[in-house]
Amino acid sequence: MKFVTVKDQDCEFIGLVDESEKLVLPLKKLWDQLEKGAFPITMLEAVELGDEFITKVQRLVGNVTSESYIPLDSVTTLAPLTKLRKNIFCVGKNYVEHAIEMGSEKDIPKHPIIFTKAPTTVVGYGAEVQNHQDVTSELDYEGELAVIIGKKGSKISREEALDYVFGYTILNDVTARDLQAQHKQFFIGKSLDTTCPMGPWIVHASAIENPHHLALETKINGEVRQSSNTKHFIFPIDEIIHVLSKGMTLEPGDIIATGTPAGVGKGYKPPRFLKPGDKMEITIEKIGTLVNTISEK
């Protein structure tokens, strides 16, 4: 199941994307027509409802016709989660080759490196990423698998960790490398407005049997820059969730970006940073493709 947040004129709603990825089912509208009782309005509410939400969707799908779907290209695709409770958790240097390209073998971490991006960074599929040329000359891309937490929990064991995952999406951790270096930490360089494209949808965890074996590819203007697989994670998802939750409560709707593989712009010699007009395409197996451009102005 692929769940999307879209906007039709001034109306924002969540929908179910069909197998062709060309049609979307407006879930609440149809629920109100066919069923009784409450139905979540936002994706956050849907994630909080968890298995009960999935059951409601399955009931709907069994009672609708093809005429109930609308063309996906007739609405605007937003980020799957448009209102976040907290910053996005990000894992740094979670692929060996990326750790080396950003430094040397000495930079391969022994424990997960965690930083965050501000909620104001988030934009959806097709949205422009501001070029921020007034504050940075080193804007870079990072294609990543993102995890959406589905249940509240703390001190989560590795054995139970994946049971706390609602689903998965694609995230582009766009980064101002010069700001990252100047400030000696990640937050400012990672948190410029619009620098977290996410989407195009959330794929429910039940549709991805093994999140640790997904091909990931990033293209810039059609050229492949990153090509790897989540099997190369240094720290797998269950370990990341376990470590984060040791002394911190994770909540439904929390987002964890699992790290980017080698091939970022800074890793090239000379570096190949993003320019106005550049088109970024990130594809992850079993999820889809996230497409965004860098603004001209």
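User: Which side chain is joined to that of Lys 190 by a polar contact of 2.9 Å?

Analyst: This is a predicted model. In it, the side chain of Thr 175 makes that polar contact with the side chain of Lys 190.

User: Where does Lys 190 lie, and is it buried or exposed?

Analyst: Lys 190 is part of helix H6, residues 187-190. A residue counts as buried when its relative accessible area is under 20%. Lys 190 has 2% relative accessibility, so it is buried.

User: Which residues does Lys 190 touch?

Analyst: Leaving out residues up to four places away in sequence, its contacts include Phe 115, Thr 121, Glu 142, Asp 173, Arg 177 and Thr 195.

User: How should I read the buried residues of a helix, and which are they in H3?

Analyst: An α-helix has 3.6 residues a turn, so residues three or four places apart point the same way. In H3, which spans residues 51-61, the buried ones are Phe 53, Ile 54, Lys 56, Val 57 and Leu 60. Viewed down the helix axis, they fall within an arc of 160°, so they line one face of H3.

User: What covers the buried residues of H3?

Analyst: The cover includes helices H1 (27-34) and H2 (43-49), along with strands E1 (2-8), E2 (11-17), E12 (165-172) and E14 (196-204).

User: Now the strands. In what order do the five strands of the open sheet stand?

Analyst: Strands of a sheet pair through backbone hydrogen bonds, either parallel or antiparallel. Here the order is E9-E19-E18-E15-E16, with mixed pairing. E9 (128-129) and E16 (223-229) are the edge strands; each has a single partner strand, so one side of each has no neighbour in the sheet.

User: How many bridges link E15 and E18, and in which sense do they pair?

Analyst: Strand E15 (residues 215-220) and strand E18 (residues 279-284) are antiparallel, paired over five bridges. Within this pair, Thr 218 stands opposite Ile 282 of E18.

User: What does the chain look like as a whole, in helices, strands and extent?

Analyst: The protein chain has seven helices and 19 strands. Its C-alpha atoms fill a box of roughly 60 × 45 × 30 Å along the principal axes. For 297 residues, a compact globule would have a radius of gyration near 19 Å, and the chain's value of 19 Å agrees. Of these residues, 53% count as buried.

User: What share of the contacts joins residues 24 or more positions apart?

Analyst: Among contacts with a separation of 6 or more, that share is 76%.

Terms used
Residues are numbered from 1 along each chain as its sequence is written. This is a predicted model: local features need pLDDT of at least 70, side-chain atom pairs count only at pLDDT 80 or more; totals for chains, interfaces and linings use all residues. Side-chain values use heavy atoms; hydrogens and water are left out. Buried means under 20% relative accessible area, exposed over 50%, partly exposed in between (1.4 Å probe, protein chains only). Helices (H or I, at least four residues) and strands (E, at least two) are DSSP runs, numbered from the N terminus. The arc is that of the directions from the helix axis to the C-beta atoms. Contact means heavy atoms within 4.5 Å. Two strands pair if DSSP finds at least two bridges between them. The radius of gyration is taken over C-alpha atoms; the globule rule is 2.2 Å times the number of residues to the power 0.38. A polar contact is a pair of N or O atoms within 3.5 Å; within protein, one must be able to donate a hydrogen and the other to accept it, and residues adjacent in sequence count only if both atoms are side-chain atoms.
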